[in-house]
Amino acid sequence: EEWWTSRVSLVTVTCTDDELLSVLDRALLVLSIPKSIDPDKVTISGYTAKQIEQQYEERRMNGSYISGISPGGAYDSIWAIALALNKTAAQLNTNGTGCEYLSGTLNITLDNFTYDNARLGCVFKNNLASTNFIGASGNVTFDSKGTL
């Protein structure tokens, strides 16, 4: 559960657990996601999971991509972020987001994003949490903790 407290694989890390937790508090981690989809099922992108995997393998073989990642998981993560950003962009300059109690403004564009705009961060997080689509690894949705 608390993998960050294990110093076995983090021998050279000199920061404290509290310092790690403060960074992880706002982190978006992409982990390997097991495939749970028919490889011929069309995903949100219009490609099948099999086509996405083939494109990844072609690029990996010619040196464009590195080995050791979950292509479906990475692909789905990018789609989740893009969909959440689109929803967030549509809510800019509006009220009723549920994040009005936070500092910051939505009277901006995404081009003006800053990490200290808590209201914009809240809206993005809520939109990411409500994301649901068919991806390369299967149905992509998040639980109440933001876990895929």
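What volume does the second largest pocket have?

Reply: This is a predicted model, in which local features need pLDDT of at least 70 and side-chain atom pairs count only at pLDDT 80 or more, while totals for chains, interfaces and linings use all residues. Residues are numbered from 1 along each chain as its sequence is written, and side-chain values use heavy atoms, with hydrogens and water left out.

The second largest pocket has a volume of about 160 Å³, a volume being the space filled by probe spheres set on grid points that are joined across faces, edges and corners. A pocket here is an open set of points, on a 1 Å grid over the protein atoms alone, where a 1.4 Å probe fits and with protein on both sides within 12 Å along at least five of seven lines; lining residues have an atom within 4 Å of a point.

The lining of this pocket consists of Ile52, Gln55, Tyr56, Arg59, Tyr65, Ile69, Pro71, Ala74 and Tyr75. Helix H2 (49–61) and H3 each supply at least two residues of that lining, and the largest share, four residues, comes from H2; helices are DSSP runs of H or I with at least four residues, numbered from the N terminus.
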